[in-house]
Amino acid sequence: MAMRQQERSESTRARLMDATIECLVERGWSGTTTTEVAQRAGVSRGAQLHHYPTRADLVVAAVAHLGAARFAETREAAAALPVGAGRTRAVLEMLAELHTGPLFRAALELLVAARTDPELHAVVAPLEAEIGRSTHRLTVELLGADESLPGVRTAVQQTLDMVRGLGIDALVSDDRTRRTALLDDWARHLDARLAAATEPPG
């Protein structure tokens with residue numbers, strides 16, 4: 001009986017998470033109300049409030065849930081990345097996709113709303129910091145980069161700043177040709193930076 005109740009609770013939370021992200025991406029923070037989410041999820045307002053008492057609790061939990069899922073999916077997909085030539089370019093494409101998908105769009109909605117909402121900012125700031133750390137760790141892992149070497153951490157951060165900018169740009173202009181050219185160029189630059197960092201001093 002207890003197991004059945006736990007399964008029902010998990011199912012309810014999963015539906016709420018999916019509905020919240022869907023609503024946040026489609027309608028933004030202002031349109032993501034607890035009533036709208038409960039209706040989309042097919043659960044009662046009472047059930048929604050039981051699991052997530054406030055809208056901020058609900059939305060932050062949903063973005064954190066999606067973030068964990070997307071990072072797990074990316075790590076799983078990374079098994080198919082080429083080894084050697086072409087890997088850096090493939091990693092950049094993977095990162096660019098991560099920064100144009102629902103996780104990025106939902107997190108961006110929260111960041112914009114949190115700028116003028118102190119209560120939301122208090123819960124969004126730690127989430128954004130964790131997503132940033134997770135993305136950085138993932139990038140280092142996929143590139144096989146050694147951040148103890150001079151310039152490597154800076155190169156990784158510049159890479160993330162670039163793909164984040166491309167993600168923002170894609171919200172208003174989906175210029176895939178331009179994005180491809182930028183990623184091609186940066187892959188060559190990044191390969192050179194990482195190779196130079198591993199060369200012994202002359």
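1. A salt bridge is taken here as a side-chain nitrogen of Lys or Arg within 4 Å of a carboxyl oxygen of Asp or Glu. By this criterion, the side chains of glutamate 26 and arginine 40 form a salt bridge, with an N to O distance of 3.0 Å. Glutamate 26 belongs to helix H1 (residues 2-31) and arginine 40 to helix H2 (residues 34-41), so the pair ties together parts that are 14 residues apart in sequence. In total, the structure holds 15 salt bridges. Side chains of opposite charge can pair when their charged atoms come close.

2. It should be kept in mind that this is a predicted model. The protein contains nine helices and zero strands, and its pattern along the sequence reads α-α-α-α-α-α-α-α-α. The C-alpha trace spans about 70 × 40 × 30 Å along its principal axes.

3. The packing of H8 and H9 deserves a separate remark. The axes of H8 and helix H9 (residues 176-198) come within 10 Å and cross at roughly 175°. Angles over 145 degrees count as roughly antiparallel, and H8 and H9 are therefore roughly antiparallel to each other. On the H8 side, the residues making the contact include Val152, Ala155, Met162, Val163 and Leu166; on the H9 side, they include Leu182, Leu183, Trp186, Leu190 and Leu194. The residues of this contact of H8 with H9 divide into 11 nonpolar, three polar and four charged.

4. Which residues lie nearest the centre of the largest pocket? They are His99, Phe104, Glu128, Ile131 and Arg164, out of a lining of 14 residues. The space in the largest pocket amounts to about 240 Å³.

5. As to the origin of that lining, helix H6 (102-114), helix H7 (118-143) and helix H8 (152-170) each supply at least two residues to the largest pocket. H6 provides the largest share, five residues. By residue class, the lining of the largest pocket comprises nine nonpolar, three polar and two charged residues.

Terms used
Residues are numbered from 1 along each chain as its sequence is written. This is a predicted model: local features need pLDDT of at least 70, side-chain atom pairs count only at pLDDT 80 or more; totals for chains, interfaces and linings use all residues. Side-chain values use heavy atoms; hydrogens and water are left out. On a 1 Å grid over the protein atoms alone, a cavity is a set of points where a 1.4 Å probe fits but cannot get out, and a pocket is an open set with protein on both sides within 12 Å along at least five of seven lines; lining residues have an atom within 4 Å of a point. Grid points are joined across faces, edges and corners, and a volume is the space filled by probe spheres set on the points. Helices (H or I, at least four residues) and strands (E, at least two) are DSSP runs, numbered from the N terminus. Ala, Val, Leu, Ile, Met, Phe, Trp, Tyr, Cys and Pro count as nonpolar, Asp, Glu, Lys and Arg as charged, and the others, Gly among them, as polar. Axes are lines fitted to C-alpha atoms, for helices over the stretch in contact, and angles run from 0 to 180 degrees between N-to-C directions. Angles under 35 degrees count as roughly parallel, over 145 as roughly antiparallel, 65 to 115 as roughly perpendicular and the rest as oblique. Contact means heavy atoms within 4.5 Å.
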